[in-house]
Amino acid sequence: MDARSSEAADAPLSHADIRVIVIGVMVAMFLSALDQTIIATALPTIGAGFGDLENLSWVVTAYLLTGTAITPLVGKLADIHGPRPVLLVAIGTFLIGSVLCATAQSMPWLIVARAVQGLGGGGLIALAQTIIGLLIAPRERGRYQGYFAIVFITSSISGPILGGFFAEHLHWSLIFWINVPLGLVAALMSDRALRRLPAHHHPHRLDILGALLMCAGTVALLMALSWGGTHFPWLSLPVFGLLAAAVLLWIGFAFRVATASEPLVPLAVLSNQVVRTGVPSAAFAMGTLVGLSIQMPLYLEGVMGLTASESGVALIPLMAGVVVGATGAGRVMGHFTHYKRLPIVGLLASIVALGVLALWPLGLPIYAVGAAMGVAGMGLGTVLPVSTVAIQNAVPLPQMGTATGVVNLFRSLGAAVLTAGFGALVIGLSGIESSALLERLLEGRAQVAPLAGAFRWVFVAAACSLLVSLIAMIAMEERPLRSGHAPAPLPE
């Protein structure tokens with residue numbers, strides 16, 4: 001690199017340059033955000049088409065599982081090589097998985113394809129957050145929240161509607177085929193935009209063994225949650241064996257974290273008080289959001305008697321509420337010293353809203369259900385930007401990608417576990433066989449009381465999850481947000 005190129009690379013970027021980079025990254029972020037919302041309303045139709053509801057949650061958890069495992073590795077790869085090549089590989093992997101999903105001929109095929117898709121999709125949002133963290137100081141980040149709002153409002157509103165429409169009137173495979181043109185556009189725009197990003201390369205080692213231990217432990221736990229009460233009794237030897245294996249694998253993962261020279265989840269990051277408390281708050285909030293977004297279409301179609309298209313529209317309050325809460329919290333947190341107050345109030349409101357749904361899972365009119373979902377979404381949405389920005393603000397710049405990867409690792413892990421847990425509650429407590437439940441979905445509101453009773457406990461579990469998020473948020477230290485990129489001190 002000549003002197004002129006070096007000076008250009010080191011020169012601070014203007015607002016116009018940053019805006020171009022942010023827009024390019026947001027296109028890639030939209031690809032992943034849309035895939036999380038568009039599939040929710042199509043899941044009951046997919047399960048009916050393959051005649052398999054018991055394994056339907058694995059369509060979601062397989063994606064979350066591989067996305068969880070790859071997220072911290074993607075963060076470190078971005079620290080090593082820069083985010084542009086890593087983002088392009090993630091988009092390419094996501095597109096390959098999308099084509100495999102669209103051509104699936106059976107539920108196992110679809111689950112494996114979703115796992116491949118998750119390898120790409122899991123890194124997209126983490127990389128976008130890392131890039132924004134590198135570009136924009138925490139105090140000024142609210143200036144760019146409008147771009148995030150456009151992405152999440154568009155995906156949150158269009159995703160459920162498109163998914164329901166494709167599933168009911170066309171074919172569910174279109175929810176995956178649509179990713180191909182979007183992915184090509186995302187790759188082209190991201191490649192051009194990120195060439196302007198200054199280089200921030202830092203040497204790291206990849207902890208593949210740690211990733212395998214974490215992934216295997218999560219698989220064992222998810223299999224126990226999915227098979228308990230369906231394939232095997234909860235007190236049976238296979239379920240106990242899976243739970244024991246999960247415990248041993250997670251102990252092995254903890255030992256690896258404590259002894260590896262550069263573990264998957266660095267102790268230097270975990271020792272930070274903001275990370276230790278902000279991560280569980282974000283994990284339980286995101287897990288509740290994803291778990292509800294996956295199970296609510298089943299509630300809306302099986303209990304409320306809506307069609308797939310109607311459930312897509314009815315799901316909008318939950319997703320739009322998340323966008324409003326996240327955008328509002330992100331914009332105002334830089335203007336307040338006590339920026340935790342908004343997510344604390346928001347989580348309290350969400351817990352109350354879920355309590356209302358738990359008390360009356362069957363008797364509420366659809367507009368009341370929509371209002372409760374909107375309040376719940378808005379409240380838990382406030383947690384996501386506050387926790388992420390607070391954590392990024394608390395770590396040094398060389399650890400930005402790693403710390404963001406840790407946040408997304410546990411957010412994905414929370415989503416995978418709570419999605420499987422909510423699904424286990426629905427199947428286990430409804431007392432309805434998988435085939436019978438599929439028939440009732442197709443018949444409307446016939447004998448929905450058992451399913452409504454199961455969802456009562458889903459809402460209770462969701463409220464308890466947000467209570468844990470609230471406690472962690474209260475415990476999180478409020479450090480002044482930096483107005484520049486001066487390195488944050490390393491933890492003692």
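How are helices H13 and H15 oriented to each other, roughly parallel or roughly antiparallel? In this predicted model, helix H13 (residues 273-302) packs against H15 at an angle of about 160 degrees, and their axes lie 10 Å apart. Because angles over 145 degrees count as roughly antiparallel, H13 and H15 are assigned to that class. The crossing of H13 past H15 is left-handed. On the H13 side, the residues that meet H15 are Leu289, Leu292, Ser293 and Met296; their partners in H15 are Leu318, Met319 and Val322.

Helix H15 spans residues 316-332 and has 17 residues. From its first C-alpha to its last, H15 reaches 24 Å, close to the 24 Å expected at 1.5 Å a residue.

The chain as a whole contains 21 helices and 0 strands. Of its 492 residues, 57% are buried. Among contacts between residues at least 6 apart in sequence, 86% join residues at least 24 apart.

The axes of H16 and helix H17 (residues 366-381) come within 7 Å and cross at roughly 150 degrees. With an angle over 145 degrees, H16 and H17 are therefore roughly antiparallel to each other. Their crossing is left-handed. H16 contributes Gly346, Leu347, Ala349, Ser350, Ala353, Leu354 and Leu357 to this contact, while H17 contributes Val369, Ala372, Met373, Val375, Ala376, Gly379 and Leu380.

H16 also packs against helix H21 (residues 449-475), at an angle of about 165 degrees and with the axes 8 Å apart. This pair, too, is roughly antiparallel, and H16 passes H21 in a left-handed crossing. The residues of H16 that meet H21 include Pro343, Ile344, Leu347, Leu348, Ser350, Ile351 and Leu354. Among the residues they meet in H21 are Arg456, Phe459, Val460, Ala462, Ala463, Leu466 and Leu467.

Ser350, located in helix H16 (residues 341-359), takes part in the contact with H17 and in the contact with H21. Leaving aside residues up to four places away in sequence, Ser350 touches Val375, Ala376, Gly379, Leu380 and Leu466. Of these, Val375, Ala376, Gly379 and Leu380 are contact residues of H17, and Leu466 is one of the H21 residues that meet H16. Ser350 has a relative accessible area of 0% and is therefore buried.

When residues up to four places away in sequence are not counted, Ala246 touches Gly217, Ala220 and Leu221. Ala246 and Ala220 are 26 residues apart in sequence, yet their C-alpha atoms are 5.2 Å apart in space.

Cysteine residues were also examined. A disulfide is a covalent bond between the sulfur atoms of two cysteines. With a cut-off of 2.5 Å between sulfur atoms, the count comes to 0 disulfides. Cys101 has a relative accessibility of 0% and therefore counts as buried, whereas Cys464, at 42%, counts as partly exposed.

Conventions: Residues are numbered from 1 along each chain as its sequence is written. This is a predicted model: local features need pLDDT of at least 70, side-chain atom pairs count only at pLDDT 80 or more; totals for chains, interfaces and linings use all residues. Side-chain values use heavy atoms; hydrogens and water are left out. Helices (H or I, at least four residues) and strands (E, at least two) are DSSP runs, numbered from the N terminus. Buried means under 20% relative accessible area, exposed over 50%, partly exposed in between (1.4 Å probe, protein chains only). Contact means heavy atoms within 4.5 Å. The expected span of a helix is 1.5 Å times one less than its number of residues. Axes are lines fitted to C-alpha atoms, for helices over the stretch in contact, and angles run from 0 to 180 degrees between N-to-C directions. Angles under 35 degrees count as roughly parallel, over 145 as roughly antiparallel, 65 to 115 as roughly perpendicular and the rest as oblique. A crossing is left-handed if the near helix is turned anticlockwise from the far one by less than a right angle, and right-handed if clockwise.
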